[in-house]
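This report goes through selected features of one protein model. The sequence and coordinates come next.

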Amino acid sequence: MSSNSTPSGLKKFENGFIRISGNRLLLTLCDTFVLVAATTMIAGFGIMIPNVIVDPMNGLIFGKQGLQLGRLISGSWATWQQSGFEHGLQIVANLIALVSNGILNFFRFASSSNFQLESLNQIL
């Protein structure tokens, strides 16, 4: 190909693609999406675990609507509700819910339009 000829279709595509992939706005949007999506997914699993799986009365593993392992372990629902294992599961579920809600609230605070890094330094 001589230096005077016009670039081929593939070369035009490559030049356009390189220009787009070097765009700082698009790179920032991509990084932001990955950060927000990852934390939202982690918090979603954090909310799902205590409410669906670990919940001793209504969860899918131990509750009446699921596999009913709580009744099978204890013998009856009354003894399951009074057992220390049920109480321990309730505490674990509450702790997981507190941590996941804290993560979501932090990122909601961090993504607000009035948030500045200086205000975070003042808090710390």
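Predicted model: local features only at pLDDT ≥ 70, side-chain atom pairs only at ≥ 80, totals over all residues.

## Phe106 and helix α5

Helix α5 contains Phe106.

## Surface patch

Phe106 belongs to a nonpolar patch on the surface, together with Leu35, Val36, Val99, Ile103, Phe107 and Phe109. The accessible area of these residues together is about 590 Å².

Two helices, α2 (24-54) and α5, each contribute at least two residues to the nonpolar patch. Helix α5 provides the largest share, with five residues.

## Annotated segment

In the unreviewed UniProt entry, residues 25-49 carry the annotation "transmembrane region". In the model, the span 25-49 is 100% helix and 0% strand. Its end C-alpha atoms are 36 Å apart.

## Nonpolar core

Which residues form the largest nonpolar core? It has seven residues: Val54, Met57, Phe62, Trp77, Trp80, Leu89 and Ala93. The elements that supply two or more residues to this core are α4 (77-82) and α5 (84-110).

Met57, one of the core residues, also has contacts with residues beyond four places away in sequence. Leaving out the residues up to four places away, Met57 touches Gly63, Lys64, Trp80, Gln81 and Glu86. Among them, Trp80 is also listed in the core.

Key
Residues numbered from 1 in each chain as written. Heavy atoms only, no water. UniProt positions renumbered as here; feature names shortened; annotations may be inferred. Helix = DSSP H or I, 4+ residues; strand = E, 2+ residues; numbered from the N terminus. Core = buried A, V, L, I, M, F, W, Y, C linked by side-chain atoms within 4.5 Å. Buried < 20%, exposed > 50% of the residue type's maximum accessible area, 1.4 Å probe, protein only. Contact = heavy atoms within 4.5 Å. Patch = residues over 30% accessible without salt bridge, like charges linked within 9 Å, V, L, I, M, F, W, Y side chains within 5 Å. Areas by Shrake-Rupley, 256 points an atom, 1.4 Å probe, with all protein chains shown as cover. Salt bridge = Lys/Arg side-chain N within 4 Å of Asp/Glu carboxyl O.
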